[in-house]
Amino acid sequence: MTDESWPMVEEAVFRLFAELAGKTGTDAHVAIGPRLAELGWADIEAEFPVEASELLFRAQGRTLAHTDCLDRVMLAELAARLGESVDGIVLPDVASGYTPGSDDQRVSGILLGPLQGRLAVPVSTPTGMVSVGVVDASRLDGERMDTFDTSAFWTRVSGPLDAALVEASTEWELAISAAHRALATELVALAERALQIAIDHVTVRVQFGAPIGSFQSPRHALADASAVLAGARALLAESWRYGGRLSALTAKIAAGRAHRAVSDVALQVCGAIGLTAEHDLHRYVTRGFQVDSLCGSHDQLEARLGERLFESYAPGRALPAAISWAE
């Protein structure tokens, strides 16, 4: 729970992210730590740990800023096993979902931002466990990826893994859960902004002498998309409130599906102008598709969730609950 000072915190964070989003250049991937320190973020996180983390990704989604927030939340969960200061984390390739693609001899994965600093590398073992090591970026090869969102700076990383590895399966599960909640929050914020753009458009766009928002077809389509988004928002709120691996995975699935539903409708009702580079809508659509692919797309995670729900199923026995609704 927050107090009466929280609106001022939110305003300061949104102002900071809007400033960062306004920076030009193709490598505007910002290490957010020093700027947050100016706001006294350590004290804010200590008092409101859940709300502070949620706010960062909500602000990032709304403003389209590029920061290392995802690295921060994942590294916070892995810190106890790393034993040294780390600047970033090598994420699994998009085809791998949230299973690390590196092995005990080679690094393989995605880095958000340019290749630099000391990097945490998660490693899958043949037994299904996950270990983690730390590698200097200067020993790795990096190639900037040609991403769907052209404003994103993602680097494909490869090279030898010459680091001591420590077992970190539990910490990796916590890190992935934190990532799924964070990415779901960003996706919901992106979808909210895309939906508002579409609503604004149908309100002022006139056809046959009336705003197109007065016609039944676009109104129903937008209402359906809004309902899907509301459901995703509710699931996400429960995940932030109660935590849990399964609820975080479910929240990201719902957020990815909601963003896709909103994008489809928004592009339809905005028509040709929504597809142009000059219009803002495409920025929230492409960023969302990009974000959804990290740590497992909603399609990949939905398949994984189905496997997980049914792996221990027996006839006559109820499936486990993904979300527990509290009174």
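1. Helices, as the term is used here, are DSSP runs of H or I with at least four residues, and strands are E runs of at least two, numbered from the N terminus. By that assignment His 180 is in helix α6 (residues 169–204). The model is predicted: local features need pLDDT of at least 70, side-chain atom pairs count only at pLDDT 80 or more, and totals for chains, interfaces and linings use all residues. Residues are numbered from 1 along each chain as its sequence is written, and side-chain values use heavy atoms, with hydrogens and water left out.

2. Is His 180 buried or exposed? His 180 has 0% relative accessibility and counts as buried (buried is under 20% relative accessible area, exposed over 50%, partly exposed in between; 1.4 Å probe, protein chains only). Setting aside neighbours within four places in sequence, His 180 is in contact with Tyr 98, Arg 245, Ala 248, Leu 249, Lys 252, Cys 295 and Leu 301 (contact means heavy atoms within 4.5 Å).

3. Ser 177 is buried at a relative accessible area of 5%. Residues up to four places away in sequence not being counted, Ser 177 touches Gly 244, Arg 245 and Ala 248.

4. Cys 295, with phi of about 55°, sits in the loop between α9 and α10 (298–310) and is buried at 2% relative accessibility. Leu 64, with phi near 65°, is in the loop between α4 (49–63) and α5 (69–82); Leu 64 is buried too, at 7%.5. Gln 290 lies in helix α9 (residues 281–292) and is buried, with a relative accessible area of 7%. Apart from neighbours within four places in sequence, the contacts of Gln 290 are Thr 147, Phe 148, Asp 149, Ala 152 and Trp 154.

5. Side chains of opposite charge can pair when their charged atoms come close. How many salt bridges are there? The count is 17, a salt bridge being a side-chain nitrogen of Lys or Arg within 4 Å of a carboxyl oxygen of Asp or Glu.

6. One of these joins Glu 10 and Arg 58, at 2.8 Å from N to O. Glu 10 is in helix α1 (residues 6–21) and Arg 58 in helix α4, so the bridge ties together parts 48 residues apart in sequence. Glu 10 is partly exposed at 22% relative accessibility, whereas Arg 58 is buried at 17%.

7. Arg 58 also forms a salt bridge with Glu 54, the closest N and O atoms being 2.9 Å apart. Glu 54 and Arg 58 are 4 residues apart in helix α4, which means a separation of about one helical turn. Glu 54 counts as buried at 19% relative accessibility. Through shared partners, Glu 10, Glu 54 and Arg 58 are joined into one network of salt bridges.

8. Arg 35 and Glu 19 meet in a salt bridge of 3.2 Å, N to O. Arg 35 lies in helix α2 (residues 33–37) and Glu 19 in helix α1, so this pair links parts that are 16 residues apart in sequence. Arg 35 is partly exposed at 22%, and so is Glu 19 at 39%.
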